[in-house]
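Hi,

Here is the structure I said I'd pass on. Have a look at it first, and then read on for what turned up.

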Amino acid sequence: MINNFIQDDLIHIGNNSIIIHGKNYNFDYPSCIKILNQEFPTSDQSWYFENEYEFSFNSNISCVRKALSQTIIEHHKGIVFEYIDGIDLRKYLLIKNRPFEELLSIALKIVLAIAELHKENIIHNNISPGNILIEKGTSRIYLIDLQIASRNRLKLDDTNNQIIRKAILSYISPEHTGRVNRVVDYRTDLYSLGVVLYEMFTDKLPFEYSDPIELIYSHLAKTPISPDQIKKDLSPIVSAVIMKLLAKNGEDRYQSAIGVYNDLKYCLPGNRELNPDFIIGENDFSGKLLIHPKLYGRDNDQNKLFRIFENCAAGSCELVFVYGYSGSGKTSLINELQQPVSDRKGFFVSGKFDQVQQNQPYSAFILAFKELINHILTKDQETLGKWKNKILDKVGNLGKVLTTLIPGIETLIGKQPDLPSLSGVELRNRFNYVLGNFINAIASKENPLVIFIDDLQWADKSSLNLFSLIVTDKKAKYITLIGSYRDNEVSEDSPLIQMIDKLNDDNIPLYGIEVANLTYDDVKKMIDELLRTDQENSSELSHLIYTKTKGNPFYIHRFLQSIYNDGNLYFDFDSKIWRWNTEDITQLNVSGNVADLMKSAVTKLPERTIEVLKVASCLGIRFDLDKLSVSTSIGENTLQSILQQPLAEGLIISATSHYKFAHDRIHQTIYSLLTEKDQQKYHLKIAEALSANTKDEDINEYIFDIVNHWNLAANSLTDQVTKYHVANLNVLAGRKAKGSAAYQQAYVYFDKGIKLLAADSWNSNYDFTLQIYNDAAEVAFLCGEMELAEELVNKILANSKVLEDAIKAYEVKIQKLIAGNHQNEAIETGLEILKKLGIQFPAKPGKLSIILGLVNIMRVVCVVKSSYLYFIQ
Ligand SMILES: Nc1ncnc2c1ncn2[C@@H]1O[C@H](COP(=O)(O)OP(=O)(O)O)[C@@H](O)[C@H]1O
Ligand SMILES: [Mg+2]
């Protein structure tokens, strides 16, 4: 493509695009055009392109190169930008040993440019010398390449995230790597700025590795050599500013670009004398309330968790339950393990159950396994090959159990052969065998594995089975399994508590960590650090807040946010201290519970925003923009702007490919604002939209998601045709659940299906009715619900038209008799049916009959492939 342009039109050649002069393209202003290399760009490239355009179009931020329009040149998409005659900082730095004053003046301008961007609530996310343009003559600074810029805060937790992929690793902040449990906010740019300044003033990068893993690890864990140790004559202030910018935690860095500017300017000749007592960071005020995720009062619990993990890394299998009230800090505490696990090159994966999507079998495990596979898929080809062999070695030709359960694993282990069809106990054994071996293939001395399953109080029974399976497997090593739950929301006879009791009875060693409310001292420390103040009167505010919230951390955060939003807590720039209105705060939220506080925060949002959030809450704790768009009939761009305010207030978090509610409490509050009727209305709308947008061949893949929305809307369905459609979807879901041995969940689906049948269904829709009853009876038996199984069997026997139709029901009946130790009755029933079918069996078999019977059994056994014999225990 480059050949098509006259050489002197070319300004820049990048990896995915080129930039040419616009002078030959009849624009009546000086322009340049950024053109995509590919005629058919990948989805990532298109996303970057659109994002850059959105942030640069008509921008009135003076340090952003303005985009003027979109264009297409020789079938390639392009953006027309205003033309800036300049060079980028990378080229500028090729000339070494530039005078200190010159460098400092450029540095100050860069800092101001970043401050300007942040003032508009834009995070660049990719600050590096190649993206900083210095205009010739004026030395004005432009920040270019806003391909991964974002508004507000982002939670980067997917390893395959576009934003993580695009960032330049030498300049990436620790939180931007997606490897630490931190929300990414504008302070990520300040870290990258630190790297840029380091390079400007020392001619070196803080971490000079070519291996990406080593580089990421250094950003996460290593302290760079201080710049004034590299350049001995460098001003110690510049050096200290850079080191402060390079702090690993956002809260230890500068809090504002202006703060950096205020310090750096003291290094200009003559300025130092203006304030000889100057202390670094002294004038670093953003005036914003920045709630950071640092944990207080959890040292003991953290150490306990770390020690448990150390045991696991030495070869044991550990089980931990973490429990406490909603918002007490369970999830945050457990996530603190990420760092030590990653330091040991281990895997930390997590998944959580969702209140709205409770029926989906294994949903949290699937999320965790998906994360695991995504981690592995980021490795190089050779390592991928090793993982593939490791897994296949352990699961043999039963890999299909994994590929049907875990999205994305096929990319790693390839297409797997079909499985011999099994049912009942054998199928469960096979499932358990494969899953157990898969986990054991991953967890090793080199890569200990931590699986964190959050919010077990919403887990389905099949997931609880899998949970105990993992820790009761005698072969399990190098594994830590952590489950968290709200102990005040589960009763003694709930399946979860029963499972824990059973593990205790079976003497499975387990640890329990109770996460309690914070003490007053912790709260005070937290507030002092949040406000970055050692104001003498801060104990007054701390007392107020402690009294209101009883030390529940989630409540404290929301309470602070609420008084800040209302202007009852504000930064006084003149006296450089925080102030608050004690009286108004005392009056606030007199009911004293977090639910009411949340409700009032949500209801203060604009009407339309609330409506959108309500629909989003029906989608679950995590929601995709495209799904939200089809469910609300509002375009994605409009939705994005509607979501700005809840994003800014920290009610939701954006993670590029999806959004999520910042906490289950927030999700619950919004969901509970809906009447039952409204909930049904929205679920119906979502169900219809999802059904319409899913191709027939993809239905099976997304069946649980689709059917759950239909089921949540089931009571509002009136039309019998739709009811049958939904009943049929339930059959599909039930069978899929049954296929992965999730019998309890399968029963839930079949049962929902039965409830949707017409009253005269046995007459009007005989075949389908027979089928769904048979399915339900079988799984009811398999999950030990004998009475239900009997009830269903009796219905089938009473309604079946011919004996052949009742065979399956008889089979269940016989199995049930055997399971109840009524062998004789079982044989009698069997013989009686065989007789009806015209097959005679001797009541007292002779030797010959027995031998013939054995031969038959052996024939059956021989056709069964050896591969799946050894898992039948
Ligand atoms: N020990 C703590 N100190 C300060 N803040 C905390 C602490 N524990 C949790 N938080 C904050 O409280 C909020 C709720 O914590 P989370 O871990 O989600 O609670 P849970 O999982 O128990 O519902 C989060 O915003 C978190 O950052
Ligand atoms: Mg939680």
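Let me begin with Asp493, which you'll find in the loop between strand S14 (479-485) and helix H19 (495-505). Bear in mind throughout that this is a predicted model. Is Asp493 buried or exposed? It's exposed, because its relative accessibility is 56% and the cut-off for that label is over 50%.

Next, the strands. S1 (residues 10-13) and S2 (residues 17-21) are paired antiparallel, with three bridges between them. The two make a hairpin, and three residues separate them. If you want a spot to start looking, Leu10 has Ile20 in S2 as its bridge partner.

Then there's an open sheet with three strands, ordered S18-S20-S19 and paired antiparallel. Which strands stand at its edges? Those are S18 (622-623) and S19 (652-654); each has a single partner strand, so one side of each has no neighbour in the sheet. As for the pairing of S19 with S20 (residues 659-661), the two run antiparallel and are joined by three bridges. Within that pair, Ile652 sits opposite Phe661 in S20.

Cheers

Definitions and conventions: Residues numbered from 1 in each chain as written. Chains lettered and ligands numbered in written order. Predicted model: local features only at pLDDT ≥ 70, side-chain atom pairs only at ≥ 80, totals over all residues. Heavy atoms only, no water. Helix = DSSP H or I, 4+ residues; strand = E, 2+ residues; numbered from the N terminus. Buried < 20%, exposed > 50% of the residue type's maximum accessible area, 1.4 Å probe, protein only. Pairing = 2+ DSSP bridges.
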